[in-house]
Amino acid sequence: MLRGAAVAGVGLGVAGAGGIEAAAQAPPRAGRSMIGVPFDATDAPRFGVVGLGNRGGGMLPLLLAIPGARVTALCDIRPEFAQRAARAVTDAGQPAPALYTAGDDDYENLCARDDVDFVYIATPWEWHTPMALTAMRNGKHVGVECPMGLTLDDLWRLVDTSERTRRHCVQLENCCYGRNELRALRLAHAGRFGELLHASGAYLHDLRELLFSKTYYEDQWRRRFHTTTNGDLYPTHGLGPVAAYFDLNRGDRFVRMTSMSTPALGLAAYRAEHQPPGDETWSENYVNGDVTMSLIQTAKGRVVHLVHGVSNPHPYSRLNHLAGTNGVFEDYPPRIYLEPDRTNDQWGSFDDYAEHDHWLWTDVGPGPGGHGGMDYLMLWRLVQCLRLGLPPDIDVYDSAAWNSPYPLSVLSVRHQGAPIPFPDFTRGDWQTPHPGTDSDKPA
C-alpha cells in the first residue's frame with residue numbers, strides 16, 4: 001500500500017512547492033562540494049547489493065568478475081532471489097554474503113553493516129532515493145540505477161546528503177561507457193567536431209510486453225508509473241552520453257527545458273489486443289504520452305533533443321547524435337561525417353576513427369558483457385576508482401542533472417510546453433574543471 005501511494009504521488013509534487021518559479025531555486029548549502037573529491041582508497045572494496053531481480057541479478061555476475069571487488073551483503077524482499085544471488089557469490093570463490101530478506105525495510109540493516117563500503121541499489125524506482133539517503137547516512141558510498149530520484153526535492157536531498165556525509169552518490173547509468181559513446185567523446189575532446197552545437201539522446205524501447213508481464217516486474221510496478229505521470233520517465237540513458245560530450249558541470253550546464261507529450265494510446269491498444277476481459281489492467285487509465293520530446297538549452301547556447309518512448313513498436317535506439325561546426329556523428333547504425341576528412345556529402349565509416357577508442361576499451365575490453373560490454377566497464381572503472389582512491393567519473397551533481405528531466409518534463413508538459421529553468425546542483429561551481437568519463441589512464 002505504501003509503495004502504491006509513493007507512485008501515485010510522483011505525478012504531483014515533481015518540482016516541489018512553487019512549480020515553475022521554484023524549479024531553479026537552490027536550498028542553502030549545508031555541507032561542502034563533492035566536485036573532485038576522491039574515494040578513500042581500499043584495495044578490496046566491499047559491496048552490498050539491494051534488489052536482485054532483473055537488473056541487480058544481471059549485474060551481480062559482472063561485479064563478481066572484477067578483480068578486487070567483494071560482495072559481502074545482499075538484500076531482496078524475495079528470499080529465493082537473495083539465496084540464488086548468494087550462490088553466485090560463493091560460486092565465484094568468495095565467502096557467503098549476509099542476507100537481508102525480512103521485508104521492505106531490511107535494507108536499512110544492510111546499510112548499517114561495517115563491512116560494506118559501497119551500496120548498489122537496483123530496486124523499483126520509488127525506493128531509490130530513500131535507500132540512497134539511508135546508505136549515505138550510514139557512511140556508505142552509493143550507486144543507484146535509473147532514475148536516481150523522481151522529484152527535484154529528491155535530487156536536492158541526495159546532493160545535500162552527499163555533501164554533508166562526504167559520501168559519493170553515483171548514477172549507475174549504463175550507456176556512458178559504450179565503445180561508440182566513448183569514441184565520440186574523445187573525438188569531441190580532440191576538437192574533431194569543431195565547436196559543438198547540438199546533440200540528441202533518447203530511450204526508444206518497445207516495453208509493452210514486459211510492462212504487461214505478470215512476472216517480469218515485481219507486482220508490475222513499472223506500468224503503474226504510466227497511470228500517474230506524463231513526461232520523460234527515463235532520461236538518463238540518452239542524456240548521460242550527451243552530458244559528457246558537452247562537458248556538463250565542467251564548463252557548461254543545462255539552463256532551461258521545454259517538453260511536449262503525444263497522446264497516450266499505445267498501452268491501451270496493447271491491452272485491448274493481449275489482455276483478457278476482466279484482467280486487472282482494465283481498471284487502469286494510462287496518462288503518460290506514448291512519446292515525450294524535450295529540448296534542453298545549455299549556458300553556451302547548445303541544444304539537446306531528448307526523447308522517451310516505450311509504448312509503441314520501435315527498434316531499440318538511444319539516437320546518440322552529436323553535431324558541431326566540422327561535422328556530425330550519429331548512431332543506430334554508427335556513421336560519421338567530418339570535414340576535412342570527407343567533402344562529398346556521404347556518410348563515412350565510424351570504424352575509421354578507432355584510434356580514438358578510450359583506453360578502457362583498448363586495455364580492458366568488454367569482459368563478460370552487459371549491454372555490449374558497457375555495463376562491465378562501468379563497474380570495472382568504479383572499482384578501479386575505489387581501489388586507487390580516485391574521484392568517480394560521474395558525481396552526484398552529474399547524476400542529479402541527468403535525472404532532472406524527469407520532473408522538469410512533467411512540469412513543462414503540464415504547462416503546455418512552457419520552458420522550465422534547470423536547477424544548478426553545483427551551486428555555481430559548474431565551470432570547475434574535474435575528471436569525467438573521458439578519464440586519463442591511471443599510471
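Two strands are taken as paired if DSSP finds at least two bridges between them. Strands (E, at least two residues) and helices (H or I, at least four) are DSSP runs, numbered from the N terminus. The model is predicted: local features need pLDDT of at least 70, side-chain atom pairs count only at pLDDT 80 or more, and totals for chains, interfaces and linings use all residues. Residues are numbered from 1 along each chain as its sequence is written, and side-chain values use heavy atoms, with hydrogens and water left out.

An open sheet of 6 strands runs in the order β3-β2-β1-β4-β5-β6, with parallel pairing. β3 (98–100) and β6 (169–171) stand at the edges with a single partner strand each, so one side of each lacks a neighbour in the sheet. From one strand to the next, the twist averages 20°. Axes here are lines fitted to C-alpha atoms, for helices over the stretch in contact; angles run from 0 to 180 degrees between N-to-C directions.

Strand β5 spans residues 141–144 and is joined to β6 by 3 bridges, in parallel. Val-142 faces Cys-169 of β6 across this pairing. β4 and β5 are also parallel, over 4 bridges. Here Tyr-120 is opposite Gly-143 of β5. Both faces of β5 are covered: His-141 and Gly-143 are buried on one side, Val-142 and Val-144 on the other. Buried means under 20% relative accessible area, exposed over 50%, and partly exposed in between (1.4 Å probe, protein chains only).

Helix α6 (residues 128–137) lies across β1 (46–50), β4 (118–121), β5 and β6, at about 165° to β5. Of its 10 residues, 8 are buried, so α6 is largely enclosed by the rest of the structure. Among them are His-128, Met-131 and Leu-133. The buried residues of α6 pack against β1, α5 (107–111), β4, β5, α7 (152–165) and β6; contact means heavy atoms within 4.5 Å. Gly-139 follows α6 and has a positive phi, near 80°.

Thr-236, Leu-239, Gly-240 and Ala-243 of α11 meet Ala-401, Trp-402 and Asn-403 of α15. By class, this contact has 4 nonpolar, 3 polar and no charged residues. Ala, Val, Leu, Ile, Met, Phe, Trp, Tyr, Cys and Pro count as nonpolar, Asp, Glu, Lys and Arg as charged, and the others, Gly among them, as polar.
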